[in-house]
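Me: I would like to go through this model term by term, asking each time what a label rests on. Please set the value beside the cut-off before you conclude.

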Amino acid sequence: MMRLQWVILPLAGLAEVGWAAGLKHAETVPDWLLTIVLAVTSLWLASRAVRYLPTSTVYTVFVGLGAVGTAVADWLLFGVAFHWPVLAFIALLLAGVIGLQRVSD
């Protein structure tokens with residue numbers, strides 16, 4: 001059975017993507033407030049996972065998911081040009097994240 005921290009960590013990564021996008025695209029006070037809430041939420045969720053997993057694993061997965069999610073959001077939501085080499089490196093990053101999850105159980 002998947003442990004709770006492996007459910008919390010992707011949620012932290014998703015919140016990370018939200019606030020990273022907010023940094024670039026927020027223009028109104030509500031946009032900025034949402035960006036701040038997402039930043040605090042992402043760090044709080046990561047801090048919950050680090051109680052049960054090695055800090056290095058949590059940080060790597062958290063930042064990796066944030067980087068991948070931000071790149072995908074840029075392509076799909078914000079019109080940034082897609083490049084195959086970026087996708088190859090994202091796949092390599094995901095392989096590392098999955099590997100860390102497998103060996104930390």
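Me: Where does serine 42 lie, and what makes it count as buried or exposed?

Reply: In this predicted model, serine 42 belongs to helix α2. Its relative accessible area is 0%, and the label buried applies under 20%, so serine 42 is buried.

Me: Which residues does serine 42 touch, leaving out those up to four places away in sequence?

Reply: Serine 42 touches Ala12, Ala15, Glu16, Trp19 and Phe62. Of the helices, α1 spans residues 5-25 and α3 spans 55-77.

Me: What makes α1 oblique to α3?

Reply: The axes of α1 and α3 also come within 8 Å, but here they cross at roughly 45°. Roughly parallel would require an angle under 35 degrees, and roughly perpendicular begins at 65; the value falls between these two limits, so α1 is oblique to α3. This crossing is right-handed.

Me: Which residues form the contact of α1 with α3, and how do they divide?

Reply: Trp6, Leu9, Pro10 and Val17 are among those from α1, while Val58, Val61, Phe62 and Leu65 are among those from α3. The division is 11 nonpolar, five polar and one charged.

Me: What qualifies a set of residues as a nonpolar core, and which residues make up the largest one here?

Reply: The members must be buried residues of the listed nonpolar types, joined through side-chain atoms within 4.5 Å. The largest such core has 12 residues, namely Trp6, Ile8, Leu9, Ala12, Leu45, Ala46, Ala49, Leu53, Val58, Val61, Phe62 and Val97. Helices α1, α2 and α3 each supply at least two of its residues, and α1 gives the most, with four. As a general background, nonpolar side chains in soluble globular proteins tend to be buried together.

Me: Why does valine 50 count as partly exposed?

Reply: The relative accessibility of valine 50 is 30%. Buried would need a value under 20% and exposed a value over 50%, so valine 50 counts as partly exposed. Valine 50 sits in the loop between α2 (29-49) and α3 (55-77), and, leaving aside neighbours within four places in sequence, it is in contact with Thr55 and Val58. From C-alpha to C-alpha, valine 50 and glutamine 5 are 8.0 Å apart in space, although 45 residues separate them in sequence.

Me: How many helices and strands does the protein have, and what share of its residues counts as buried?

Reply: There are four helices and zero strands, which read along the sequence as α-α-α-α. Of the 105 residues, 31% count as buried. Among contacts between residues at least 6 apart in sequence, 65% join residues at least 24 apart.

Notes. Residues are numbered from 1 along each chain as its sequence is written. This is a predicted model: local features need pLDDT of at least 70, side-chain atom pairs count only at pLDDT 80 or more; totals for chains, interfaces and linings use all residues. Side-chain values use heavy atoms; hydrogens and water are left out. Buried means under 20% relative accessible area, exposed over 50%, partly exposed in between (1.4 Å probe, protein chains only). Contact means heavy atoms within 4.5 Å. Axes are lines fitted to C-alpha atoms, for helices over the stretch in contact, and angles run from 0 to 180 degrees between N-to-C directions. Angles under 35 degrees count as roughly parallel, over 145 as roughly antiparallel, 65 to 115 as roughly perpendicular and the rest as oblique. A crossing is left-handed if the near helix is turned anticlockwise from the far one by less than a right angle, and right-handed if clockwise. Ala, Val, Leu, Ile, Met, Phe, Trp, Tyr, Cys and Pro count as nonpolar, Asp, Glu, Lys and Arg as charged, and the others, Gly among them, as polar.
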